[in-house]
Structures are given as C-alpha cells and as structure tokens.
Amino acid sequence: GATSALSGDVVLPHDPPGSGELVLIDRYPNGIVTWVDAASGEVRGQLNVVPRFASNPHDYLEIAPNKAYVTRFETNRAPGRVPFDEGGDILVIDPTQRSITKRIDLSNYGGAGDPRPDRMTRGNGRAYVTLARLDATYERAEDGLVVVLDVDSDRVVDTLPIPGLKNCTNVSL
C-alpha cells in the first residue's frame, strides 16, 4: 500500500495513537505520514504533508478516530501556490480519509524567527505543542514556548513561555 519509499529520517509520534495503528513520520525531505497495521505490518495508507516544499513534519497526535494533528517544522518562504503550503503550522488531518482538512497557523508565535512546531502531547481536552522558535538559518533562537490548543475548536487558547531556554522541542505533562 505504500506509494513512497521511506527516507532515512523516520520517527514515531511522541504519543502512541489510540487507534493502535503504527504511525511513521517520514520527516525530511519526504514529508509523508504512513499508517501501518501493527500486527501484520501491512501499510494501510500514506499522506503527503509537503505540498510543494519540504515541510519537515515532526509529530503526529491522534485526537479522535477521524482527526489528528501533524506539526510542520519548516515555513514556506513562497506560499500560495497550492492549498496548505504555508508551513510553520499544525495540519488538522482526517486519518480515515488520509486527507488534510485545515491548518492551525502559528506564524504569530515565532517571535523574530519561525515558530517551528515540534512535539505534542494531550491532556484535559488540550494539546500542548512545543515551539523551537528558530530563525531560517538555525543560528538565532527565541526563548521556548508551548502553545496550548483546544482540541474541539482547533484554536490556540494559551501560551506557556519557557524563559531562558531555547530550541525547546520535547514535551511531557
């Protein structure tokens, strides 16, 4: 069932999906999310989350059977050519249809750099997303920030600054 071969930059989601499926995040440059039946090893499907730029997806968080989030670490410097090609965001996807339904724009949370959303976890009806907040060259970093999303509305409802720490990526409740 695979339409794209895996690259050498493949990671697992921070939180295991409740569906029991194995999800592989093929980060850079492929940008493919692959669902695998954990018992048989059969590829159930794939979704390209790189519409015309190397978006570098970093995490996958299952919210419901028909809803998940995918963080996209890179920002597209020339967006607007195809739908969902902005980056620096969280894609809302439907894992059952293997489709992108909308995006959560995080460009206002990057400070002087790009937001670079990385890892996610979930608790109490919220998703917590770390932002690395690095510039395009990866040389300058802002203090870390956690963005809190309401998983029902897919909106940012709070931010948790991490003063004095930079390039923050992992998260734990």
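How many bridges join β1 to β2, and in which sense do the two strands run? In this predicted model, local features need pLDDT of at least 70 and side-chain atom pairs count only at pLDDT 80 or more, whereas totals for chains, interfaces and linings use all residues. Residues are numbered from 1 along each chain as its sequence is written, and side-chain values use heavy atoms, with hydrogens and water left out.

β1 and β2 run antiparallel and are joined by two bridges, two strands being taken as paired if DSSP finds at least two bridges between them. Strands are DSSP runs of E with at least two residues, numbered from the N terminus. Val 10 has Asp 26 of β2 as its bridge partner. On pairing with β3 (residues 32-36), β2 is again antiparallel, here over five bridges, and Ile 25 stands opposite Val 33 in β3. The hairpin formed by β2 and β3 has five residues between the strands, and Gly 31 in the turn shows a positive phi of about 65°.

Because four of its five residues are buried, β2 is largely enclosed by the rest of the structure; buried denotes under 20% relative accessible area, exposed over 50%, and partly exposed in between, with a 1.4 Å probe and protein chains only.

Ser 19 is located in the loop between β1 (10-11) and β2 (22-26), where Ser 19 is partly exposed, with a relative accessible area of 43%. A polar atom of the Ser 19 side chain lies 3.3 Å from the backbone nitrogen of Glu 21. The C-alpha atoms of Ser 19 and Gly 125 are separated by 18 Å, the two residues being 106 residues apart along the chain.

Terms used: A polar contact is a pair of N or O atoms within 3.5 Å; within protein, one must be able to donate a hydrogen and the other to accept it, and residues adjacent in sequence count only if both atoms are side-chain atoms.
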